[in-house]
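Dear colleague,

Please find below the structure that I am handing over to you. My notes on what was found in it follow directly after.

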Amino acid sequence: MDTKKSMSVSTRASDPQGALTESSAGLLRELVAHLRQNRTQLREEWARRITRAELLTAMTEEEIFAEATAVYDNYVEALETGTFEALQAYSRRLSERIIPRGVETDEVVGIVLLLRDVLARSLFNKYQDNVEKLNRILDSYEPAANRIANTVAVGFVEERERIIRQQQEAIRELSTPVLQVRERLLILPIIGVIDPQRARQLTEQLLRAIRANRAKVVVIDVTGVAAMDSGVANHLVQTVEASRLLGATVIVTGLSPEIAQTLVTIGVDLSEMATVGDLQGGIEEAERLLADRAAMPGPQAGREPGMELTR
Amino acid sequence: MGEELRLPIAADVDVVEARQQGRALAAVAGFSSGEQTVIAAAISEIARNILMYAKKGEIILSLVQNGDRQGVSVVAIDQGPGIPDIERAMQYGYSTSHGVGAGLPGAKRLMDEFEVDSVVGRGTTITMAKWRRAI
Amino acid sequence: MEVPILRQGQYLIASIQSALTDADLSHLREALIAQVGRSRCRGVIVDVTALDVMDSFAVRTLRDITHMARLRGAETVIVGIQPDVAFAMVQLGWTLKGVATVLDLEEGLAFLDGRTKERVVESKPKKPSSRG
């Protein structure tokens, strides 16, 4: 790292062949100085343009100005140093702040493009008498400005996606509640569409709950499940088997006539599965199993699927 | 993503080591603990396969990326006798040695990608991968 | 890594402490079956709480232990299968049919108490209160 830096410095100092790069670097320096000098005026102009374009409407003018200042400074710094880490980190933090307030992707892209425009206009004004220099300045400004716009927009989109993923995860957790009705009895009401991803999550959740609650009986109610293909049905069978490995008996309730027909037609092996018509009946059956166990743990044990023991 | 872990397989402790390393790598890739267990079990099967048929070989673990999906890749290489009839070896319940006969087909079931490349007398390479579920 | 086998009353308790190699598993099976005969115990508990992976060999060994112990007059119960491990097992179709599995050691002891009582009840129907 250090070697590289000192090498480039010595090139600049002693090698006239490096004049072209040096002049481009010099231009960028001049540009940065210009942006620093006119900081107050330019960011005010930018904030005005943001308000006029009706961007960031969820934020107050003071907030817009504060963020504009921070973005501006990070922007100039990125131009000066050619490194984007600070800008990246800032745009991530900015996104974290503004996404919960409903700021949309097009607004963020919009404000960065506005800044690019404000700065370009200011360069036009400064160098309008020297078109050749203006062109060279713009040549060194544009690639950097594009990269900056890109960095901020991508940072925002990534943060947004992360939040969406988090929310989806949270919704999934909520949509598969494992309820403890009484000691050692869990109920898992499944509602809605089950895809393989959700089915897997559901099973993992249930198995952990069995262990955490030391459950002996689980009632899985599928009344709220509209349709079941062979994949989901096999998954249900696996859930029953995995629960047995943890010592819990599963009772499935609420299989609709349509689903029952489908399952038999596609040949899912449900022979190992205890099924009861409705949730109420399932809970009664579960209570009976638990009562039997409490009264006579031994003799009943062998007959329960959860304690299967063949001779 | 250039991380690559090469683990020699020559004794049954190496099988344990390989599946533990595989689990750790799966955790780094962000797999749920349930999926980590699945990946570790699959590694255990192919590592034991090396031990049983080729006596020694190597397992190579690495993180892989496909677009925005992350995954774990497992490659098992040996210079053993090779598998004469791959199709038969991949049938569930088939095994020429002990075990529940679920070695390779078991691993295949657990992973998203599974490929066997084997030349009799030269050796076997098994390549498998599991991807994190896209949301 | 050797698995310690404790004797408690008429039961043997093998409590796995860490990941096991195939050789360790085979050794555990042989040691258990030998001790079942020697000590004429009625029940075997294998505690697998410490196993975070169960592959085909481990599953096979647990099944073998159960069947062999049964031939030697003892019931076996596997306790402590981790939720994630159970899920991976069933995805492979290894459901341990014919093998008793319960949540933990406490449940395992209760289960064996029930089983051995039942056996006594079956073989000596006139004296249901007596035990092994």
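Helices (H or I, at least four residues) and strands (E, at least two) are DSSP runs, numbered from the N terminus. The model is a predicted one, in which local features need pLDDT of at least 70 and side-chain atom pairs count only at pLDDT 80 or more, while totals for chains, interfaces and linings use all residues. Residues are numbered from 1 along each chain as its sequence is written, chains are lettered from A and ligands numbered from 1 in the order in which they are written, and side-chain values use heavy atoms, with hydrogens and water left out.

Glu241(A) lies in helix H9 (residues 230-245) of chain A. Glu241(A) is buried (under 20% relative accessible area, where exposed is over 50% and partly exposed is in between, with a 1.4 Å probe and protein chains only). Beyond residues up to four places away in sequence, Glu241(A) is in contact (heavy atoms within 4.5 Å) with Val90(C), Thr95(C) and Lys97(C).

Elsewhere, charged pairs do form: the whole structure holds 33 salt bridges over all chains. One of them links Glu80(A) and Arg36(A), whose closest N and O atoms are 3.0 Å apart. Glu80(A) belongs to helix H4 (residues 61-81) of chain A and Arg36(A) to helix H2 (residues 19-37) of chain A, so the pair ties together parts that are 44 residues apart in sequence. Glu80(A) is partly exposed, at 44% relative accessible area, and Arg36(A) is partly exposed at 44% as well.

The closest N and O atoms are 3.0 Å apart. Asp84(C) is buried, at 13% relative accessibility, whereas Arg208(A) is partly exposed, at 38%. Salt bridges that share partners also join Arg184(A), Arg214(A), Lys216(A), Asp104(C), Glu106(C) and Glu107(C) into one network.

Turning to the nonpolar residues, a nonpolar core is a set of buried Ala, Val, Leu, Ile, Met, Phe, Trp, Tyr and Cys residues joined through side-chain atoms within 4.5 Å. The largest such core has 104 residues, of which Ile210(A), Ile46(B), Met54(C) and Ile81(C) touch the most other members. Helix H2 (residues 33-53) of chain B gives the most to this core, with 10 residues. A second, separate core of 46 residues includes Leu31(A), Leu35(A), Ala78(A) and Val103(A).

Finally, chain C has four helices and five strands, in the order β-β-α-β-α-β-α-β-α along the sequence. Of its 132 residues, 58% are buried. Among the contacts in chain C with a separation of 6 or more, 71% are between residues 24 or more positions apart.

Yours sincerely

How values were computed. Lys and Arg count as positive and Asp and Glu as negative; His and the chain ends are not counted. A salt bridge is a side-chain nitrogen of Lys or Arg within 4 Å of a carboxyl oxygen of Asp or Glu.
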